[in-house]
Amino acid sequence: MRKAFISPTKYVQGENEIVNLGYFIKTFGDSALLIAHQDDITRVKDKLKQTMEKFGVTIIVSGFNGECSRNEVHRLQQLAKEHACSCTIGLGGGKAVDTAKCVAEGEALIIVPTIAATDAPTSHSAVLYTPEGEFDDYAYFKQSPSVVLIDTNVIANAPTRFLVAGMGDALSTYFEARATANSYSNVNAGLPCGANAGVGQPTKGTRAALALAKLCYETLLEDGLKAKISCDSNIVTPALENIIETNILLSGLGFESGGL
């Protein structure tokens, strides 16, 4: 029986972690292409300046147009080549994150969520849209992001409705994974990527993925309300830390390696 488990190479979460972003850029080289909405860049511009000075790296702002379309991906890939960028950073919400995945194509990718609304940051898939914002296609890459970096102060200062939306999304993870396991269905982690990557081989989930999905549900029940109150007050607390991890990491690993 073929089983699979997929995850980011490194997940780091803490207060003011964006100040350490340059350290991870340095593991690839000296420069990075930053894919982000201008509003998100404005929210963290002081930390981006600090990390560039602290680690001696260059961050190239891409002028992201807000849509994960084929045209935009091609433009950003050309921009990365022109500036000889060593890695790609996706900073912000779902479309910036997905666009960064498409630009990087599974290589040297750092994801920096500014909200904890979805489990997209950890996954190896993305959704493509037309320039007008209509659904186009799904894209899958050979691996998950190299680094997922979470600055909990940034999440705490985002509107609470995003955190609550993430809890709603995460709430389904355990039931989805449990149903997949009980029905002996295939999981998303086993989808082939390329001609020689196991085409036609059904892939089941691991016990580890199911356990993480269950922990996701249990943490929501234990800390969800306390985390919401913390976010209302823009304060980082242990409960908020736990729910950020739940919304992004536990739900992400649970849905991709245990569900679908």
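## Strand E4 and its partners

In strand E4, Thr88 is the bridge partner of Leu33. This pair belongs to the predicted model described here, in which strand E2 (residues 31-35) and E4 pair in the parallel sense over four bridges. E4 is also joined to E5 by five bridges, and these two strands likewise run parallel. Within that pairing, Leu91 has Val112 of E5 as its bridge partner. As for burial, E4 is mostly covered, with six of its six residues buried.

Leu33 also makes contacts beyond its bridge partner. With neighbours within four places in sequence left aside, the residues in contact with Leu33 are Ile60, Ser62, Leu76, Leu79, Ala80, Cys85, Cys87, Thr88, Ile89 and Val103.

## Strand E8

Strand E5 (residues 109-113) pairs with E8 as well, in the parallel sense and over two bridges. Here Ile111 has Val148 of E8 as its bridge partner.

Why is strand E8 described as largely enclosed by the rest of the structure? Five of the five residues of E8 (residues 147-151) are buried, so the strand is largely enclosed. In a regular strand the side chains alternate between the two faces of the sheet. In E8 both faces are covered: Val147, Leu149 and Asp151 are buried on one side, and Val148 and Ile150 are buried on the other.

## Nonpolar cores

The largest nonpolar core comprises 39 residues, and those with the most contacts inside it are Leu33, Ile35, Leu76, Cys102, Leu163, Leu240 and Ile244. Helix H4 (residues 94-104) gives the most to this core, contributing six residues. A second, separate core has 22 residues, among them Ile18, Phe24, Ala32 and Val44.

The largest pocket holds about 300 Å³ of space. Its lining consists of 17 residues, of which Asp98, Ala120, Ser125, Ala126 and Val127 lie nearest the centre. The elements that give two or more residues to this lining are H4, strand E6 (125-129) and strand E7 (135-140). By class, the lining of the largest pocket contains eight nonpolar, five polar and four charged residues.

The second largest pocket has a volume of about 250 Å³. It is lined by 15 residues, and Ala181, Gly205, Thr206, Arg207 and Leu210 are those nearest its centre. Helix H7 (173-182) and helix H8 (207-232) are the elements that give two or more residues to the lining of this second pocket. The lining of the second largest pocket divides by class into seven nonpolar, five polar and three charged residues.

How many cavities of 30 Å³ or more does the model contain? The count comes to one cavity. About 40 Å³ of space lies in the largest cavity. Its lining is formed by Lys101, Gly106, Glu107, Leu109, Ser123, His124, Phe141, Gln143, Ser144 and Pro145. These lining residues divide into three nonpolar, five polar and two charged.

## Two loop residues

His83 is placed in the loop between helix H3 (70-82) and strand E4 (87-92). Not counting residues up to four places away in sequence, His83 touches Ser31 and Ile60. The C-alpha atoms of His83 and Leu33 are 8.3 Å apart in space, while the two residues are 50 residues apart in sequence.

Asn186 is found in the loop between H7 and H8. At 35% relative accessibility, this residue also counts as partly exposed. Leaving aside neighbours within four places in sequence, Asn186 is in contact with Thr180, Pro202, Thr203, Lys204, Gly259 and Leu260. Asn186 and Arg2 are 184 residues apart along the chain, and their C-alpha atoms are separated by 9.7 Å.

How values were computed: Residues numbered from 1 in each chain as written. Predicted model: local features only at pLDDT ≥ 70, side-chain atom pairs only at ≥ 80, totals over all residues. Heavy atoms only, no water. Buried < 20%, exposed > 50% of the residue type's maximum accessible area, 1.4 Å probe, protein only. Pairing = 2+ DSSP bridges. 1 Å grid on protein atoms, 1.4 Å probe; cavity = no way out; pocket = protein on both sides within 12 Å on 5 of 7 lines; lining within 4 Å. Points joined across faces, edges and corners; volume = space filled by probe spheres on them. Nonpolar A, V, L, I, M, F, W, Y, C, P; charged D, E, K, R; others polar. Core = buried A, V, L, I, M, F, W, Y, C linked by side-chain atoms within 4.5 Å. Contact = heavy atoms within 4.5 Å.
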